[in-house]
Each structure stands twice: as C-alpha cells, then as structure tokens.
Amino acid sequence: MKFKIRYFASLRETIGLSQEEVESTASTVGQVRDELLARGGVYLCLQRDRSVRMALNQVMVNEDAMLMDQSELAFFPPVTGG
Amino acid sequence: MVSHRVVIQSEDFNVADVLAKLRAGDLRVGAVCTFIGTVRDTQLLSGKDADRVVSMALEHYPGMTEASIEAMIDQAHERFDFYQAHVIHRVGVLKPADQIVMVAVTSAHRGESFKACEFLMDYLKTQAPFWKKEASPSGEKWVDARVSDDLALARWGIEANNVVK
C-alpha cells in the first residue's frame, strides 16, 4: 500500500520534511511508526518515550488504527493552540 | 446569523462585528458568551528575561483543524442547549497582546452558553491541531502542552491524551 505521511511542528523540524510518500506492507499506524523508527537518525524523535500524537485521514487515532491504500497519516507533538 | 462555524485566518478579527453577525436577526437569543485568548509576554509572569516573548508563530494542520473544531461544536450541541457557536483561530506570526482565538456561543439563557463556551475551549486546547512557537531574545522554542489542559477536558468526562505518552 502507498501512504502519505505528514509531520508537523517540532517533528517536522527534526525530521526535516513536512511530508513524504511511503510504500509499505504495514497495516496499522503503529507498524508504520515501527518502520520509521527502524530508519534511526532523525526519525528517533518518534520514539515511544516521547509524546507523539497521530492522525489518520485527519482524525486523531491510536497505534491500532488500520491503514488503507492512499491513507494520510500524520505525526505531531501534543497540540498547543487556543 | 453566520453561515460558517469555524474560521482559521492570519488576519485579526473585530469581536463586536463577529458578535453582531452571530446574533443578527435571531430574537431567540438572550445570552452571548465569548472567550478571547491573547498572546501574553511570559516574562511578566516569571520575571526572567529569557521568557520575554517577542513574537509567537502558530502552525496548524489545514483541513484537520477545521474538521476537528466542527466535530467539537457538534459534540457541544449534544451536551448543551445553545443556538450557535462560532470559532475563529488565527495562525501565522503574532505579537504580545494580539488576539489568538475567539469562541462565541449564543443561547436563550446564560448557563448553557457559558458551559458550551468553556467546553469548546477545553476541547480545542487539547484536540485541535495547532502548535505555538515562541520567539524570545535567546531564540525560538516550541510551547509545551500542559497537563492542566488535559485535566480541564477530563472534567467533562473526556480523556484528552494530549500530554500523556
């Protein structure tokens, strides 16, 4: 399956990308996170001892959320609006 | 009446104009509750020069931001008896004293609009995808999310999960 992954705020700055296209056999959001973590380097900002929030197709989800082809996945830090 | 409930914009807004439009022609309205969030200079709270806020940049997730706040207003309608809610949130670079956010709610009596307004702000603080970055003389830093904001949403029986890992 192909996904779009978007990064925001401090994660966007650390990874150095606002979005990327990924081809993967992952079926859950958590599995995509594992694949990104396996890249090491700047992607270690997604480690599970950090506060990282996730959205699938623009709705907040947890790592169990199931992906579909062409899903838009996003990783970002805790929100601070208002 | 206003046709759209959520506006994300870089420009400032005029509170009186927004409120006039919100309740125009709706003679059921007996109460209008408004919250305005503004940029503060944290040096004045801490006394430390490093905390001086020169400017604040607001980033958001276009599309998700609007949809998430729309969903919050739908949830508020299920809980409280109000007529209309309107949310304006600014993005881009702001300065101390600038307006950041406005939540306005109309209802027949004050209780429901007070509650709906607070509910919407508590929700927005932990569930709408905005991020603030402060610029001070010593550099830029992302604003940390607060546990107290998660606790504020918990009072409504909703788990925020914003700060927890």
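This section describes the interface between chain A and chain B and a sheet of chain B in a predicted model.

The size of an interface is often given as the accessible area lost when the parts come together. For chain A and chain B, the buried area is about 2,000 Å², with 53% of it on carbon and sulfur atoms. The contact involves 24 residues of chain A and 30 residues of chain B. Between the two chains, 19 residue pairs are in polar contact, both residues being at pLDDT 80 or more. On the side of chain A that touches chain B, two or more residues are given by each of α1 (9-15), β3 (53-56), β4 (59-61) and β5 (72-76) of chain A. The largest share, four residues, belongs to α1(A). By class, this side of chain A comprises ten nonpolar, six polar and eight charged residues. Two salt bridges are counted between chain A and chain B. One of them joins the side chains of A:Glu13 and B:Lys133, with an N to O distance of 2.4 Å.

Within chain B, four strands form an open sheet in the order β5-β3-β7-β8, with antiparallel pairing. Strands of a sheet pair through backbone hydrogen bonds, either parallel or antiparallel. The pairing of β7 (residues 130-136) of chain B with β8(B) is antiparallel and extends over four bridges. Opposite B:Gly139 in β8(B) stands B:Ser136.

Technical notes. Residues are numbered from 1 along each chain as its sequence is written. Chains are lettered from A and ligands numbered from 1 in the order in which they are written. This is a predicted model: local features need pLDDT of at least 70, side-chain atom pairs count only at pLDDT 80 or more; totals for chains, interfaces and linings use all residues. Side-chain values use heavy atoms; hydrogens and water are left out. Contact means heavy atoms within 4.5 Å. Buried area is the accessible area (1.4 Å probe) that two parts lose on being put together, summed over both. A salt bridge is a side-chain nitrogen of Lys or Arg within 4 Å of a carboxyl oxygen of Asp or Glu. A polar contact is a pair of N or O atoms within 3.5 Å; within protein, one must be able to donate a hydrogen and the other to accept it, and residues adjacent in sequence count only if both atoms are side-chain atoms. Ala, Val, Leu, Ile, Met, Phe, Trp, Tyr, Cys and Pro count as nonpolar, Asp, Glu, Lys and Arg as charged, and the others, Gly among them, as polar. Two strands pair if DSSP finds at least two bridges between them.
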